[in-house]
Amino acid sequence: MNLQNISQNKVAGGWHKQYQHDAKSVNSVMKFAIFLPPNASENNKVPVLYWLSGLTCDDQNFMQKAGAFKKAAELGIAIVTADTSPRGEDVADDENAAYDFGLGAGFYVNATQAPWNKHYQMYDYIAQELPALIEAHFPVTNKKSISGHSMGGHGALTIGLKNQADYQSISAFSPICNPINSPWGKKAFSNYLGKNQEDWRAYDACELIKEGSSLPILVDQGEADQFLEEQLKPDLLINAANKNNADLMLRMQAGYDHSYFFISSFIDDHLEFHAKNLS
């Protein structure tokens, strides 16, 4: 497994630890971070919230900016944050190093098109390989929920909806709700998945929720988000949920933008939401 501890810091009575490991699914070395609350031990394993970050981010953005440690420690929840794409000199990147495709922008899909399919199997990494590693090496149970921001909100929604037996709840901040009709999504999906748009539907939250959802979902969206109308389209998620009686609560928050200032303002609500469903 070659699991290597890179750093660790005591925080809120628990521990934030960063690791790297050889990841088979993405054929590269991956980094992740884990927060273990004070009550986590081999004799008292705790549930896990997986967090997926957005474009340009890595495993540290949430840990350093969200302000989640005190509430997670209080609730007894571990938090695992993943990187947003495979990394390494041999990993393909956008030829213009664009922020919204390639490195830092894996979109949590399994790429089918060359050269991306060699490494960009982020769906398998998040849904299968990373949870298996966490449950094998840390004092956690197999009970888990998933959350994320922007591109990571898209990832949390789609991975949770496609694996409803594995997760207790889903939440998201400012998610890309309908990527098959979003400029970010169209660019990523056409390159990673090919030109056949029917193949894109398997990674679109609005399309998946139409198939039926039994999981509780909480979404927060800032009304002052600069990407709201063109990229995020929460109204389409509401429409899909209403048509299928999905258990969705979507809250529009006046004055808030797309930043971690927004996330830090409401992260306690999300942790309490997940704790209720994980108990």
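Is Phe35 buried or exposed? In this predicted model, Phe35 has a relative accessibility of 0% and therefore counts as buried.

A search of the whole structure finds 20 aromatic pairs. One of them joins Phe35 and Phe69. Their ring centres lie 5.0 Å apart, and the planes meet at 45 degrees, so the pair is tilted. Phe35 belongs to strand S3 (residues 28-36), whereas Phe69 belongs to helix H2 (residues 69-75). The pair therefore ties together parts that are 34 residues apart in sequence. Phe69 also counts as buried, because its relative accessibility is 14%.

Trp116 and Tyr120 form an edge-to-face pair. Here the ring centres are 5.6 Å apart, with the planes at 75 degrees. An angle over 60 degrees places a pair in the edge-to-face class. Trp116 is buried at 9% relative accessibility. Tyr120 is buried too, at 1%. Elsewhere, ring pairs link Trp51, Phe62, Phe173, Tyr256, Phe262 and Phe266 into a cluster.

Rings also meet charged groups. The charged end of Lys17 sits over the ring of Trp15, at 5.9 Å from the ring centre. Lys144 places its charged end over the ring of Tyr167, 5.6 Å from the centre.

Lys144 also takes part in a salt bridge, with Glu135 as its partner. The closest N and O atoms of this pair are 3.6 Å apart. The two residues fall into separate accessibility classes. Lys144 counts as buried, at 9% relative accessibility, while Glu135 counts as partly exposed, at 29%.

In total, the structure holds 10 salt bridges. Another of them brings together the side chains of Arg251 and Asp220, with an N to O distance of 2.8 Å. Arg251 lies in strand S9 (residues 248-253) and Asp220 in strand S8 (residues 217-222). Arg251 is partly exposed, with a relative accessible area of 24%. Asp220 is buried, at 0% relative accessibility.

Salt bridges with shared partners also join Glu198, Arg201, Glu207 and Lys210 into one network. Within this group, the side chains of Glu198 and Arg201 meet at 3.3 Å, N to O. Glu198 is exposed, with a relative accessible area of 52%. Arg201 is partly exposed, at 33%.

Methods: Residues numbered from 1 in each chain as written. Predicted model: local features only at pLDDT ≥ 70, side-chain atom pairs only at ≥ 80, totals over all residues. Heavy atoms only, no water. Phe/Tyr/Trp six-rings, centres within 6.5 Å; stacked < 30°, edge-to-face > 60°. Helix = DSSP H or I, 4+ residues; strand = E, 2+ residues; numbered from the N terminus. Buried < 20%, exposed > 50% of the residue type's maximum accessible area, 1.4 Å probe, protein only. Lys NZ or Arg CZ within 6 Å of the ring centre and 35° of its normal. Salt bridge = Lys/Arg side-chain N within 4 Å of Asp/Glu carboxyl O.
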